[in-house]
Amino acid sequence: MERIQHLIPASMRRHVKAGPIEEAEWCLLVGNAAASTKLRQLLPTLLLTLAREGSQVSAIRIKVQTAPR
């Protein structure tokens, strides 16, 4: 998360958590649909940054995690 944290708007950072990496796909967990939408807009930038830093991640999946009821 440290590699991409600065690319996520400060107001959104508390809604985004690092999830598991499976093979070359990283799952980012978000707290609501609005954060998911904004994060999807940032995906090209996030992936480019990871690639420049030599990361093996080639895809990012975003999953909305709702609070238990």
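Me: What percentage of the residues in the chain is buried?

Reply: Buried means under 20% relative accessible area, exposed over 50%, partly exposed in between (1.4 Å probe, protein chains only). Here buried residues make up 32% of the 69 in the chain. This is a predicted model: local features need pLDDT of at least 70, side-chain atom pairs count only at pLDDT 80 or more, and totals for chains, interfaces and linings use all residues. Numbering runs from 1 along each chain as its sequence is written, and side-chain values use heavy atoms, leaving out hydrogens and water.

Me: Which pattern does the chain follow along the sequence?

Reply: Helices (H or I, at least four residues) and strands (E, at least two) are DSSP runs, numbered from the N terminus. This chain has 1 helix and 3 strands. The pattern is β-β-α-β.

Me: What is the order of the strands in the sheet?

Reply: Two strands pair if DSSP finds at least two bridges between them. The sheet is open, with order 1-2-3 and mixed pairing. Strand 1 and strand 3 are the edges, each pairing on one side only. From one strand to the next, the twist averages 25 degrees.

Me: And how many bridges join strand 1 to strand 2?

Reply: There are 5 bridges between strand 1 (residues 16–22) and strand 2 (residues 25–30), which run antiparallel. Lys17 faces Leu29 of strand 2. Ala18 stands opposite Leu28, also in strand 2. The two strands form a hairpin with 2 residues between them. In that turn, Glu23 has a positive phi of about 55 degrees.

Me: Which residues have the most contacts inside the largest nonpolar core?

Reply: A nonpolar core is a set of buried Ala, Val, Leu, Ile, Met, Phe, Trp, Tyr and Cys residues joined through side-chain atoms within 4.5 Å. The largest one has 16 residues; Ile4, Trp26, Leu28, Leu39, Leu46 and Ile60 have the most contacts inside it. Strand 2, helix 1 (33–52) and strand 3 (59–64) each supply at least two core residues. Helix 1 gives the largest share, 6 residues.

Me: What is Trp26 in contact with, beyond its neighbours within four places in sequence?

Reply: Contact means heavy atoms within 4.5 Å. Trp26 reaches residues including Met1, Ile4, Ala18, Leu50, Val57 and Ile60.

Me: Why does the radius of gyration agree with a compact globule?

Reply: The radius is taken over C-alpha atoms, and the globule rule is 2.2 Å times the number of residues to the power 0.38. With 69 residues, a compact globule would have a value near 11 Å; the chain has 12 Å, so the two agree.

Key:
Axes fitted to C-alpha atoms, helices over the stretch in contact; angles between N-to-C directions.
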